[in-house]
Amino acid sequence: MLYLDNSATTKIHPDVLEAMLPYLQEEYGNPSSKFYSLAENAKKAVATAREQVAQLLGCDPDEVVFTSGATESNNMIIKGVADYYSHKGSSSNYLLTSSAEHPSVLETVEFLGERGYKTRLLDVDTFARVDLQNVKETVTQLQPLLTSFMWGNNEIGSLNPIGELSKLFTANNLFFHTDATQVIGKIPVNLRKHSGIRFLSMSAHKIGGPKGIGAAIIRKQSKEIFTRLTPLLHGGGQENNYRSGTLAVHNIVGLGKAAELASQKLEENVKRLTQLENYLVDILKTNLGNKIAFNSDDHDKIPGLISLQFIGVNNELLLKKLSSFIALSSGSACSSSKPSHVLSAAGKTLEEVRQTIRITLASDLSEKELDLFRAIN
Ligand code: PMP
């Protein structure tokens with residue numbers, strides 16, 4: 001089976017599994033316990049993982065909050081900021097986002113809209129990117145309490161102009177969150193270079209880590225002052241009171257190791273994914289010519305993610321037909337039952353949406369494996 005659905009999830013890297021195993025076996029201590037070695041070992045393992053994640057993202061370890069994944073991080077940040085600052089009497093209760101966000105952002109914003117917050121969804125262009133000028137004007141007009149735009153789109157692969165957006169939010173000092181789940185390990189992410197990003201969400205299982213673990217990055221306001229938000233989970237006060245619950249040490253260790261590997265292999269990974277993408281696009285263009293049309297842009301994109309249409313072919317039927325030898329998806333795994341809201345937001349017709357498939361590569365694939373596509377015509 002050729003697995004080409006790496007944006008849905010990735011296989012666990014063997015080094016990640018090896019790092020995790022002791023924490024599922026003999027090292028079972030609770031890091032919130034004290035003094036005895038099992039507890040201290042667990043605490044140290046969590047601290048190391050926190051540093052590995054911070055190193056990957058270019059932030060301080062105490063800005064890393066472990067969550068169950070990007071869905072929780074998105075919920076926690078958006079609901080938490082909205083609640084905390086509106087309770088404090090913030091003059092704005094606008095939440096600004098785009099129509100091409102992941103459902104865990106869109107539906108959270110929609111939920112808050114039903115609870116009395118004002119919301120605005122910006123339109124996107126044909127590659128699902130926000131327009132910088134439109135963002136500038138809207139931000140100036142609305143002074144939103146929180147703005148959330150994803151770094152890279154999970155269905156079509158386009159990158160938003162995060163550098164420019166970060167500058168804009170640095171200049172006007174408003175809260176900006178980005179869902180970076182799909183770009184980690186695929187492009188350089190250094191939060192020290194993007195001071196306008198106050199919040200970031202990420203997930204381990206997209207980078208060779210385990211499922212059910214991720215991080216919310218909450219940048220400090222200054223060296224000592226933490227940014228406050230209302231937690232989703234109240235309880236024992238773990239994670240600096242941002243997220244209560246006994247820490248999933250084995251998963252946290254797995255995330256840390258995956259983050260370390262993603263930092264070390266970034267350049268190599270990007271180069272290989274780009275090579276493989278070019279190789280596959282060449283095969284597709286040569287073999288299928290005008291029977292296909294690409295949705296993805298050819299620049300400013302996530303390497304290794306190709307969204308394309310098989311003209312006149314129903315995507316579900318095609319995926320089913322191919323499913324015994326290639327694993328692919330029609331878009332995002334998180335909204336696979338409905339026609340893609342991202343492609344619709346990017347102006348695609350229902351027919352175009354229904355003939356779209358997403359191919360997402362991994363750097364350990366070989367050209368020989370991709371040659372399988374030569375048989376499709
Ligand atoms: N945001 C984006 C952009 C994603 O692609 C995904 C996963 N499909 C998520 C959030 C949700 O991540 P998780 O599975 O960790 O909840």
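This is a predicted model: local features need pLDDT of at least 70, side-chain atom pairs count only at pLDDT 80 or more; totals for chains, interfaces and linings use all residues.
The protein chain is divided into domain 1 (2–9 + 266–372) and domain 2 (14–264). Residues from both domains line the largest pocket, so this pocket lies between them.

**Domain arrangement**

- Domain 1 is made up of two segments, 2–9 and 266–372, while domain 2 covers 14–264.
- The C-alpha centres of domain 1 and domain 2 are 27 Å apart.
- To the contact, domain 1 contributes 30 residues and domain 2 contributes 33 residues.
- About 2,500 Å² of area is buried between domain 1 and domain 2, and carbon and sulfur atoms account for 53% of it.
- On the domain 1 side, the residues that lose the most area to domain 2 are Leu-266, Ile-302 and Val-342, which together make up 25% of what that side buries.

**The largest pocket**

- The largest pocket holds about 720 Å³ of space.
- Its lining consists of 31 residues, and those nearest the centre of the pocket are His-13, Asn-269, Ala-362, Ser-363 and Asp-364.
- Among the elements that each supply at least two lining residues are the strand β1 (2–3) and the helices α1 (14–20), α7 (249–264) and α8 (266–288).
- Helix α8 gives the most to this lining, with five residues.
- By residue class, the lining of the largest pocket comprises 16 nonpolar, seven polar and eight charged residues.
- The pocket lies between domain 1 (2–9 + 266–372) and domain 2 (14–264) because both give residues to its lining.

- His-194 is located in the loop that runs between β6 (175–179) and β7 (199–203).
- With a relative accessibility of 15%, His-194 counts as buried because this value is under 20%.
- Apart from neighbours within four places in sequence, the contacts of His-194 are Trp-151, Ile-162, Gly-163 and Ser-166.
- Lys-167 belongs to helix α6 (residues 162–172).
- Lys-167 counts as exposed because its relative accessibility, 56%, is over 50%.
- From Lys-167 to Leu-261 the C-alpha to C-alpha distance is 29 Å, and the two residues are 94 residues apart in sequence.

**Ser-296**

- Ser-296 sits in the loop between β9 (292–294) and β10 (305–310).
- The relative accessible area of Ser-296 is 13%, so this residue is buried.
- When residues up to four places away in sequence are not counted, Ser-296 touches Phe-127, Ile-156, Lys-301, Leu-305, Ile-306 and Ser-307.
- The C-alpha atoms of Ser-296 and Arg-358 are separated by 9.6 Å, with the two residues 62 residues apart along the chain.

- Most residues other than glycine have a negative phi.
- Glu-239, although not a glycine, has a positive phi of about 55°.
- A positive phi of about 55° is also found at Asn-240, which is not a glycine.
- Glu-239 is placed in the loop between β8 (214–218) and α7, and Asn-240 likewise lies in the loop between β8 and α7.
- Glu-239 counts as buried because its relative accessibility is 9%.
- Asn-240 is partly exposed because its relative accessible area, 40%, falls between the limits of 20% and 50%.

Conventions:
Residues are numbered from 1 along each chain as its sequence is written. Side-chain values use heavy atoms; hydrogens and water are left out. Helices (H or I, at least four residues) and strands (E, at least two) are DSSP runs, numbered from the N terminus. Buried means under 20% relative accessible area, exposed over 50%, partly exposed in between (1.4 Å probe, protein chains only). Contact means heavy atoms within 4.5 Å. On a 1 Å grid over the protein atoms alone, a cavity is a set of points where a 1.4 Å probe fits but cannot get out, and a pocket is an open set with protein on both sides within 12 Å along at least five of seven lines; lining residues have an atom within 4 Å of a point. Grid points are joined across faces, edges and corners, and a volume is the space filled by probe spheres set on the points. Ala, Val, Leu, Ile, Met, Phe, Trp, Tyr, Cys and Pro count as nonpolar, Asp, Glu, Lys and Arg as charged, and the others, Gly among them, as polar. Domain bounds come from an automatic or database domain assignment. Buried area is the accessible area (1.4 Å probe) that two parts lose on being put together, summed over both.
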